[in-house]
Amino acid sequence: MSLPTLLSQHIVRRPQRIALLQHIAEQGSITRAAKSAGLSYKAAWDAIDELNNLAQKPLVERSVGGKGGGGAKLSAEGERVLRLYQRLQALQAQVLEAAEDASDLDLDLLGRLMLRTSARNQLHGKVATIDTQGRNDLISLELAEGLILQAQITHDSTRRLELETGTEVVALIKAGWLELLAADQSATPGHNCLKGIIEEILDAEDGPSEVRIALPNGQTLCALAEPLHLKTLGLSAEKAVQVQFSPSNVLLGTPL
């Protein structure tokens with residue numbers, strides 16, 4: 001894909017995801033940044049989770065004591081991506097020159113951040129190994145900071161996606177496919193099991209609660225759980241938790 005095509009497809013589709021970084025940098029608060037961007041507090045955090053998960057390094061970090069609640073700040077990587085985005089905006093009429101000035105890695109990062117999907121969890125990683133199991137392949141993915149998860153897809157899908165060791169992919173996992181376990185529970189054999197800390201629990205009046213889980217590599221997972229289940233497991237904000245899910249429930253995507 002030529003660089004101008006990548007830019008025109010992805011930046012035009014979802015510029016608000018990157019633009020939200022500008023509001024966070026200016027406001028220093030998720031609450032105020034969301035208001036400035038015309039988003040709800042929840043929608044803003046959903047966008048931030050996606051940004052942090054799709055980047056190799058977190059772009060947004062929580063800050064303690066932020067004014068107006070929901071304090072947050074851009075990481076050094078977030079500031080770098082924002083600067084790149086601002087440069088690209090200013091050079092819309094000269095996109096070829098902008099592409100020459102920016103590295104392929106930077107432009108690929110912007111493409112990943114603007115991927116459109118219904119899955120709540122989008123984790124960027126690289127293919128580490130591919131093990132053939134009959135008509136299926138077990139794909140081991142290396143996420144940021146060396147975290148590993150596995151996906152099971154058909155061999156035909158592996159070929160269609162042109163997957164090989166080192167291929168960059170996005171792992172897509174729906175929130176409803178994640179099962180929460182207490183820190184001392186045993187995981188189901190053959191399942192992925194990631195450890196993390198509960199960052200926030202968002203209750204709903206007519207459905208399961210949303211549980212945001214911070215992984216040790218800086219990425220975030222969003223799971224759905226009934227309040228009674230959380231109470232039974234003794235799970236609450238700032239508590240250690242495990243998240244398990246079947247490799248068959250991990251979808252893989254690659255840049256077009």
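Figure 1. Thr-129 has Ser-140 of β4 as its bridge partner. Strand β4 covers residues 136–143 and pairs with β3 in the antiparallel sense over 8 bridges; two strands pair if DSSP finds at least two bridges between them. Strands (E, at least two residues) and helices (H or I, at least four residues) are DSSP runs, numbered from the N terminus. The hairpin leaves 2 residues between β3 and β4, and Gly-134 in the turn has a positive phi of about 70°. On to another partner of β3: this strand (residues 121–133) also runs antiparallel to β6 (residues 168–173), with 6 bridges joining the two. Here Gln-122 finds its bridge partner in Leu-172 of β6.

A word on the model behind these views: it is predicted, so local features need pLDDT of at least 70 and side-chain atom pairs count only at pLDDT 80 or more, while totals for chains, interfaces and linings use all residues. Residues are numbered from 1 along each chain as its sequence is written, and side-chain values use heavy atoms, with hydrogens and water left out.

**Figure 2. The whole protein, before we zoom in again.** You will find 9 helices and 12 strands here. Of the 256 residues, 45% count as buried, meaning under 20% relative accessible area; exposed means over 50%, and partly exposed lies in between (1.4 Å probe, protein chains only). The protein exposes about 12,700 Å², and carbon and sulfur atoms supply 50% of that area. These areas come from the Shrake-Rupley method with a 1.4 Å probe; for residues, only the protein chains shown count as cover. Among contacts with a separation of 6 or more, 65% link residues 24 or more positions apart; a contact means heavy atoms within 4.5 Å.

**Figure 3. Leu-252 in the largest nonpolar core.** A nonpolar core is a set of buried Ala, Val, Leu, Ile, Met, Phe, Trp, Tyr and Cys residues joined through side-chain atoms within 4.5 Å. The largest one has 33 residues, and Leu-180 and Leu-252 touch the most other members. Leaving aside residues up to four places away in sequence, Leu-252 touches residues including Ile-139, Leu-141, Ile-153, Leu-163 and Val-170. Apart from this core lies another, of 20 residues, among them Ile-30, Leu-51, Val-60 and Leu-82.

Figure 4. Strand β8 (residues 192–202) pairs with β9 (residues 209–214) over 5 bridges in the antiparallel sense, and Ile-198 stands opposite Ile-213 in β9.

**Figure 5. Strand β10 and its hairpin with β9.** β9 and β10 pair in the antiparallel sense over 6 bridges, with Glu-210 opposite Leu-224 in β10. Between these strands the hairpin has 5 residues, and Gly-218 takes a positive phi near 95°. Since 5 of the 6 residues of β10 are buried, the strand is largely enclosed by the rest of the structure.

**Figure 6. Pro-208 in the loop between β8 and β9.** Pro-208 has its place in this loop and counts as partly exposed, at 31% relative accessibility. Not counting residues up to four places away in sequence, Pro-208 touches Leu-224, Ala-225 and Glu-226. Pro-208 and Ala-223 are 15 residues apart in sequence and 9.5 Å apart in space, C-alpha to C-alpha.

**Figure 7. Ala-33 inside helix α3.** Ala-33 lies in α3 (residues 30–37) and is buried, with a relative accessible area of 0%. Setting aside residues up to four places away in sequence, Ala-33 touches Leu-20, His-23, Ile-24 and Gln-27.

**Figure 8. Two cysteines, Cys-193 and Cys-222.** Cys-193 counts as partly exposed at 29% relative accessibility, whereas Cys-222 is buried at 2%. A search of the whole structure finds 0 disulfides, a disulfide being a pair of cysteine sulfur atoms within 2.5 Å.
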